[in-house]
Amino acid sequence: MKAYYNDIVIGAVCCRVDTSENQRRLYIMTLGCLAPYRRLGIGTVMLEHVLKICHDDGNFDNVFLHVQVNNEGAIRFYEKFGFEIVEEKKNYYKRIEPADAYVLQKSFRQPKAMQNGEAEKKS
């Protein structure tokens, strides 16, 4: 999806379906907006569009993405939509510092292991 202003692309989001970990997940590869157009609700519209696709499809376990650990603005943005930090990946990025990333995830349903009570067996 692209966001336009006067025929100029000012924002975009790109996703792919991921079927790892015995789940059907949507991975947000990139979501961004040109600096002069930030804080105008464009990112919100794009993320809400992605979440609506997941909701309408009805078969996604969760949606997830990577965020650089020092990108506090992005982390707060996603947390407003129910995303949580679920993992930290060391040296995820190759050409930027810090190289570490958080995995942020918004779950739509519990993983099958949790539904079957397997998580309770670990205690």
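## Lining of the largest pocket

In this predicted model, the lining of the largest pocket is made up of 14 nonpolar, 9 polar and 4 charged residues. The pocket itself has a volume of about 760 Å³. Its lining counts 27 residues, and those closest to the centre are Leu31, Gly73, Ala74, Phe77 and Tyr78.

Where do these residues come from? Four elements each bring at least two residues to the lining of the largest pocket: β3 (25-33), α1 (42-57), β4 (62-68) and α2 (72-79). Strand β3 gives the most, with 7 residues.

## The second largest pocket

Next comes a pocket with a volume of about 290 Å³. If you want to find its centre on screen, look for Glu21, Arg25, Val86, Val103 and Gln105, the closest to it of the 18 lining residues. Two or more lining residues come from each of β4, β5 (84-89) and β6 (101-107).

Sorted by class, the lining of the second largest pocket holds 4 nonpolar, 6 polar and 8 charged residues.

## A closer look at Arg25

Arg25 is among the residues closest to the centre of the second largest pocket, and it lies in strand β3. Is Arg25 buried or exposed? Its relative accessible area is 5%, so Arg25 counts as buried, the cut-off being under 20%.

What does the side chain of Arg25 reach? It makes a polar contact with the side chain of Gln105, at 2.9 Å. Leaving aside residues up to four places away in sequence, Arg25 touches Arg16, Val17, Asp18, Ser20, Phe60, Asn62, Phe64 and Gln105.

Notes:
Residues are numbered from 1 along each chain as its sequence is written. This is a predicted model: local features need pLDDT of at least 70, side-chain atom pairs count only at pLDDT 80 or more; totals for chains, interfaces and linings use all residues. Side-chain values use heavy atoms; hydrogens and water are left out. On a 1 Å grid over the protein atoms alone, a cavity is a set of points where a 1.4 Å probe fits but cannot get out, and a pocket is an open set with protein on both sides within 12 Å along at least five of seven lines; lining residues have an atom within 4 Å of a point. Grid points are joined across faces, edges and corners, and a volume is the space filled by probe spheres set on the points. Ala, Val, Leu, Ile, Met, Phe, Trp, Tyr, Cys and Pro count as nonpolar, Asp, Glu, Lys and Arg as charged, and the others, Gly among them, as polar. Buried means under 20% relative accessible area, exposed over 50%, partly exposed in between (1.4 Å probe, protein chains only). A polar contact is a pair of N or O atoms within 3.5 Å; within protein, one must be able to donate a hydrogen and the other to accept it, and residues adjacent in sequence count only if both atoms are side-chain atoms. Contact means heavy atoms within 4.5 Å.
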